[in-house]
Amino acid sequence: MGQCGITSSKTVLVFLNLIFWGAAGILCYVGAYVFITYDDYDHFFEDVYTLIPAVVIIAVGALLFIIGLIGCCATIRESHCGLATFIIILLLVFVTEVVAVVLGYVYRAKVENEVDRSIQKVYKTYNGTNPDAASRAIDYVQRQLHCCGIHNYSDWENTDWFKETKNQSVPLSCCRETASSCNGSLAHSSNLYAEGCEALVVKKLQEIMMHVIWAALAFAAIQLLGMLCACIVLCRRSRDPAYELLITGGTYA
């Protein structure tokens, strides 16, 4: 009965180690996605510490490759030392993922205040005739999120760019995709996106943080199962005399 339990736990543990390799790739992908997406919205959220959770899960993803290798070797060779090392590393990585989840929630809560503080400044520096990085960021966000202005398209009337152009028009990035003849004129506001960008940028950034949080939680659960199986194999190997004799080739007298 004990041998059957050990074999079953070992099978699950080997399977989990294979999952760790797949998880490593997924975590690295999620972390890279956060970095790439943040780069598109960094003008609206200047706190670079927001990227810490993404850095953590990329580091965890890299470690999972190593953990999977250690776990497979230790399980197949039935190494007491290897399994103990495997459990300790899994525990450390589990704690790291918990930290990533906590940081994700902390920075997710800060998003709204950060965007509200930064977006005013970004729109104020818009220069449509000679686009700089901030101008390109605004045009990109308005096209991608289908929005116009901070709260709505009328916000453009308070910008220096609008006052200098004196043509009663907003940037073409405010034009709806379905409006083929749109030139940004406020006289034809039905051709413009009605929703402001601030709420949508906040929503997008919070979604990015949620990707980090859910990825970390999902693989933390898998690691808990891995630690449990490793502990079962390790404990039964130490306490089951029949199992020890089977390993060493001994027999009962």
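Me: In this predicted model, how far apart are the sulfur atoms of the disulfide that Cys148 and Cys174 form?

Reply: A disulfide is a pair of cysteine sulfur atoms within 2.5 Å, and Cys148 and Cys174 form one. The pair links distant parts of the chain, with Cys148 in the loop between α4 and α5 and Cys174 in the loop between α5 and α6, 26 residues apart; helices here are DSSP runs (H or I, at least four residues), numbered from the N terminus. Residues are numbered from 1 along each chain as its sequence is written, and side-chain values use heavy atoms, leaving out hydrogens and water. Local features need pLDDT of at least 70, side-chain atom pairs count only at pLDDT 80 or more, and totals for chains, interfaces and linings use all residues, while the sulfur atoms of Cys148 and Cys174 lie apart by 2.1 Å.

Me: What is the handedness of the disulfide of Cys175 and Cys182?

Reply: Cys175 and Cys182 are both buried, where buried means under 20% relative accessible area, exposed over 50% and partly exposed in between (1.4 Å probe, protein chains only). The torsion about their S-S bond is about -70°, so the disulfide of Cys175 and Cys182 is left-handed.

Me: Which helix holds Cys197, the partner of Cys147?

Reply: Cys147 and Cys197 form a disulfide with their sulfur atoms 2.0 Å apart, and the link is right-handed, with 95° about the S-S bond. The two cysteines are 50 residues apart and join distant parts of the chain, Cys147 being in the loop between α4 and α5 and Cys197 in helix α6.

Me: How many residues apart in helix α3 are Arg117 and Glu114?

Reply: A search of the whole structure finds one salt bridge, a term for a side-chain nitrogen of Lys or Arg within 4 Å of a carboxyl oxygen of Asp or Glu. The side chains of Arg117 and Glu114 meet in a salt bridge at 2.7 Å, N to O, and Glu114 counts as buried at 12% relative accessibility. Arg117 and Glu114 are separated by about one helical turn because their spacing within helix α3 (residues 80-124) is three residues.

Me: Is Lys166, which has a positive phi, buried or exposed?

Reply: Most residues other than glycine have a negative phi. Lys166, although not a glycine, has a positive phi of about 55°, and its place is in the loop between α5 and α6 (197-239). With a relative accessibility of 70%, Lys166 counts as exposed.
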